Amino acid sequence: MLTNALRSKGMARCAVFLLTVGLATLAGLALWSTRSTAQTTARVRALGEVTATWGQVFLDLGVENEALNDYLRAGSAEGRSPLTSALSSAGPHLEWLAAHGDAGDADELATFRDTYGAYTDTLRQLIAAGNAGDSGQVSALAQEVGLGAASLRKQVDATISRHQLELSDYLAEVDQANHRLQVASTVALTVDFLLLVLCAIILLSHQRRVERQAVESRHRALHDSLTGIGNRVLLGDRVEGALRLAERNAETVALLLLDLNRFKEINDTLGHHCGDLLLQEVASRLSGALRDSDTVARLGGDEFAVVLPDIGSTAEAREVAERLLAVLQCPADLDGTAVDVSGSIGVAVYPLDSRNSTELLQHADIAMYAAKRGHLGVAVYDMETAQRDLRQLSVLGELRRALDEHELVLHYQPKVYTGSGYTCGVEALVRWQHPQRGLLGPGEFIPLAEDSELIHPLTDYVLEAALDQHDRWRDEGVVLPLAVNVATQCLLADTFADRVAAALARHRAEPGHLTLEITESALIADPDRAAAVLATLRQLGVRLSIDDFGTGYASMAYLQRIPLDELKIDRCFITTLQSSHGNQAIVRAVLELAHALGLEVVAEGVEDGSTETALSDMGCDMAQGYHLSRPIPGPEVTAWLAAHPLHVPARVP
Ligand code: C2E
Ligand code: MG
Ligand code: MG
């Protein structure tokens with residue numbers, strides 16, 4: 001409590017204010033003391049001068065008296081001259097006293113001057129009587145002068161005594177004042193000293209707080225606020241330090257980069273609070289499983305890094321990574337919900353596969369993405385894999401250019417009604433007319449595009465090209481139903497339904513003539529979002545089909561929730577239908593289920609006539625496969641249609 005009070009700004013301000021007041025008081029006291037000393041000196045000097053002048057008057061009286069006595073004793077004219085010159089000798093001193101004397105002395109001085117005037121007059125009369133030779137008159141006046149001189153001396157004596165008394169009273173008063181000043185000064189000095197001590201304590205406590213804050217802010221700058229482990233800056237420092245040491249001692253340093261799997265899902269479904277709890281749990285598990293010399297840091301999001309200085313070999317680094325994964329993989333309790341934790345770790349080793357800290361980080365990152373993509377758990381950086389990934393990256397760059405240059409072309413694979421052989425529509429399948437490598441199948445670039453944002457412009461491109469072809473067929477007099485494949489990311493994009501509606505409107509195409517083929521993975525990734533987008537598309541009038549049905553791992557409950565029109569049984573069940581009883585059973589079950597839900601069924605990968613017949617016998621609605629037609633360029637479809645007309649030929653008026 002006291003410490004808090006000392007730290008408070010109010011307390012500091014108050015102490016400084018009081019100290020200022022204290023010092024001002026001390027300064028005031030010193031000033032007052034100087035002034036009163038000066039006053040005392042002046043007063044004492046004035047009193048001294050007055051007393052001394054009165055003393056001088058006393059002496060003047062004595063001189064006059066001496067001169068008189070000499071004159072009387074001598075009784076000759078020679079004695080008259082000293083008497084005449086001594087006459088009124090006190091006059092100038094009395095003048096001085098009148099001018100500089102005390103105001104209180106004025107009356108006394110006036111009386112004295114009158115008496116002195118009378119005295120000197122009598123003396124003059126005596127001299128005149130002496131000059132006249134009237135010795136009787138001289139001795140009578142000498143008696144009178146003697147009495148006057150005695151009275152004047154008494155008066156002067158009394159005045160001097162009074163002044164001495166006054167001086168001593170005044171000095172006693174000054175003594176008392178000095179004593180009071182001494183007491184006040186001592187008190188002020190003590191208070192000031194105490195305030196000074198208080199200020200010093202406050203200053204020290206503030207300094208200590210500033211030092212502590214500096215330590216804290218340095219800790220904050222190097223540590224992650226959520227988990228308390230190191231951050232990117234600390235990691236950089238530690239990696240640099242470990243590399244320097246490794247270079248000096250010919251050691252090996254490993255860097256592990258860990259990314260949690262499905263962290264976004266946990267964050268989205270259980271909330272950010274649980275996401276934070278998970279990150280804290282992961283940080284504590286990682287810290288607990290490492291040596292003191294190792295460093296664990298959070299780089300941001302769900303990405304962690306571990307520096308292992310002086311690790312024996314790449315194999316040892318991999319072992320540590322696998323041990324960390326094992327530690328991570330126990331379920332975490334997040335506010336009562338048990339959540340499975342898993343991650344992907346990339347390992348890079350200095351100096352074996354990286355020459356400096358930047359490469360070490362880059363390589364660990366590349367290895368981590370390889371681990372994630374391949375669901376490997378742990379992946380050690382491998383130059384060849386990295387170069388392949390780099391090539392894939394360059395393919396992506398090329399693909400971007402290919403879209404601009406219109407190098408992507410569509411082939412169309414017809415779908416027919418089983419039994420009748422009538423065409424019911426075509427599926428648009430993209431190919432890349434590569435300037436050097438020739439015609440590339442979608443397997444060479446669609447998965448790469450799906451891993452990047454490029455899948456969005458690519459899907460728009462395919463939709464636009466397919467509708468362009470649809471326009472051309474319509475111009476030739478055939479309105480041919482069309483199916484386009486849609487990747488999961490596109491379906492989940494906010495603007496997808498609007499983009500489809502705009503494309504249909506631009507081409508004045510009937511929405512019912514467009515089927516969008518989606519895979520079950522879209523329904524697993526974000527079922528609610530997928531259901532909402534599909535409902536909007538369905539409202540537009542677009543047909544919806546589940547592609548490669550049977551290969552996903554979705555719960556079949558979605559079949560009821562989502563407004564579908566069609567199921568396409570994956571070709572893995574169809575190509576071996578004849579030889580596999582199991583596949584026959586699966587196809588029958590799917591047919592029954594789909595029909596019960598009011599859905600049409602397409603069998604993909606029909607490679608021979610007997611399979612088509614078998615499917616027809618089972619009640620499968622439509623078939624698609626090499627037996628009927630391979631995917632063919634748009635212009636060739638017209639020839640196909642001549643041999644296999646549309647079931648309900650729609651003619652443009
Ligand atoms: P999918 O949508 O299931 O397309 C059918 C694939 O099976 C096509 O391969 C087709 O050539 C092949 N196929 C058809 N009949 C037979 C058969 O009797 N036997 C065998 N073995 N295969 C047959 P393709 O054209 O290589 O396309 C592969 C996949 O690439 C497609 O599978 C689709 O998932 C994807 N794809 C194609 N075009 C696009 C596109 O424009 N956008 C997206 N997102 N994906 C596309
Ligand atoms: Mg398809
Ligand atoms: Mg398919």
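**Salt bridges, ligand shell and backbone of a predicted model**

Aspartate 70 is partly exposed, with 38% relative accessible area; buried is under 20%, exposed over 50% and partly exposed in between, with a 1.4 Å probe and protein chains only. The model under discussion is predicted: local features need pLDDT of at least 70, side-chain atom pairs count only at pLDDT 80 or more, and totals for chains, interfaces and linings use all residues. Residues are numbered from 1 along each chain as its sequence is written, chains are lettered from A and ligands numbered from 1 in the order in which they are written, and side-chain values use heavy atoms, leaving out hydrogens and water.

I begin with the charged pairs. Aspartate 70 forms a salt bridge with arginine 73, at 2.6 Å from N to O; the term requires a side-chain nitrogen of Lys or Arg within 4 Å of a carboxyl oxygen of Asp or Glu. Both residues belong to helix H2, three residues apart, about one turn of the helix. Helices here are DSSP runs of H or I with at least four residues, and strands are runs of E with at least two, numbered from the N terminus. Arginine 73 is exposed, at 62% relative accessibility.

How many salt bridges does a search of the whole structure find? The search finds 29. One of them joins glutamate 166 and arginine 43, at 3.2 Å from N to O. Glutamate 166 is in helix H6 and arginine 43 in helix H2 (residues 9-74), so this pair ties together parts 123 residues apart in sequence.

Are arginine 543 and glutamate 566, by contrast, buried or exposed? Both are buried. Their side chains meet in a salt bridge of 3.2 Å, N to O. The pair links distant parts of the chain, with arginine 543 in strand E13 and glutamate 566 in strand E14 (residues 566-569), 23 residues apart. Elsewhere, salt bridges that share partners join Arg43, Glu108, Arg162 and Glu166 into one network.

I turn to the ligand. Ligand 1 is surrounded by 20 residues, each with a heavy atom within 4 Å of the ligand. The closest are Asn485, Asp547, Arg571, Glu607 and Tyr626. Strand E9 (423-434) and strand E13 (543-549) each supply at least two residues of this shell, and E9 gives the largest share, four residues.

Oxygen atoms of ligand 1 lie 2.8 Å from a polar side-chain atom of asparagine 485, 2.9 Å from a side-chain N or O atom of glutamate 427, and 2.8 Å from a side-chain N or O atom of aspartate 547. The protein covers 82% of the 780 Å² of accessible area that ligand 1 has on its own, an area from the Shrake-Rupley method with a 1.4 Å probe.

Strand E9 also holds threonine 423, which is buried at 0% relative accessible area.

I close with the backbone. Most residues other than glycine have a negative phi, and most peptide bonds are trans. The peptide bond from tyrosine 350 to proline 351 is cis, with omega near 0 degrees; proline 351 sits in the loop between strand E6 (343-350) and helix H11 (357-373). Histidine 375 has a positive phi near 50 degrees and lies in the loop between H11 and strand E7 (378-380). Histidine 375 is exposed, at 73% relative accessible area. Serine 88 likewise has a positive phi, of about 60 degrees, in the loop between helix H3 (80-86) and helix H4 (91-100).

Methods
A polar contact is a pair of N or O atoms within 3.5 Å; within protein, one must be able to donate a hydrogen and the other to accept it, and residues adjacent in sequence count only if both atoms are side-chain atoms.
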